[in-house]
Amino acid sequence: MAEIYRTGTEWFANQITITRGKVADITTVGVYHSLDPNVVPEVDEFTAVQVADGTAQPPDELAEAGKVDVLSLIGPKNGDVELGPGDWQRFVLLQTATEDIIRKIDVITIL
């Protein structure tokens, strides 16, 4: 669980493990946040964000070496997503040509 203040802006990374295929097979990644822990988001409700590929040569600029992350900027300063106070359930979407993979990854507390 991560905590940030509602007036702050931070990068959030969720590491993904590629078990089939390669990073280049990923066509879109997205994030979805909800205060309702029982929600199941639809694919079109996700906000598109970026993949940070630390396995590429050279690695992506924001990547951690050797890791592949779904990376999003959260907060009011040009963030991909701005969230109000509360405990937000974070979902990640990975899309390939044949799959829409949705995972409930984390809880983010906005203070």
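Here are some questions and answers on the salt bridges of this predicted model.

Q: How many salt bridges does a search of the whole structure find?
A: Side chains of opposite charge can pair when their charged atoms come close. To count as a salt bridge, a side-chain nitrogen of Lys or Arg must be within 4 Å of a carboxyl oxygen of Asp or Glu. Searching the whole structure with this rule gives a total of 3.

Q: How many residues apart in sequence are the parts that Glu-99 and Arg-20 tie together?
A: The side chains of these two residues, Glu-99 and Arg-20, form a salt bridge, with N to O at 3.1 Å. Glu-99 sits in the loop between strands E7 (86–95) and E8 (100–110), while Arg-20 sits in the loop between strands E2 (10–16) and E3 (28–34), so the parts joined by this pair are apart in sequence by 79 residues.

Q: What is the relative accessible area of Lys-67, which forms a salt bridge with Glu-64?
A: In this pair, the closest N and O atoms of Glu-64 and Lys-67 are 3.3 Å apart. Glu-64 is partly exposed, at 44%. Lys-67 is partly exposed too, with a relative accessible area of 28%.

How values were computed:
Residues numbered from 1 in each chain as written. Predicted model: local features only at pLDDT ≥ 70, side-chain atom pairs only at ≥ 80, totals over all residues. Heavy atoms only, no water. Helix = DSSP H or I, 4+ residues; strand = E, 2+ residues; numbered from the N terminus. Buried < 20%, exposed > 50% of the residue type's maximum accessible area, 1.4 Å probe, protein only.
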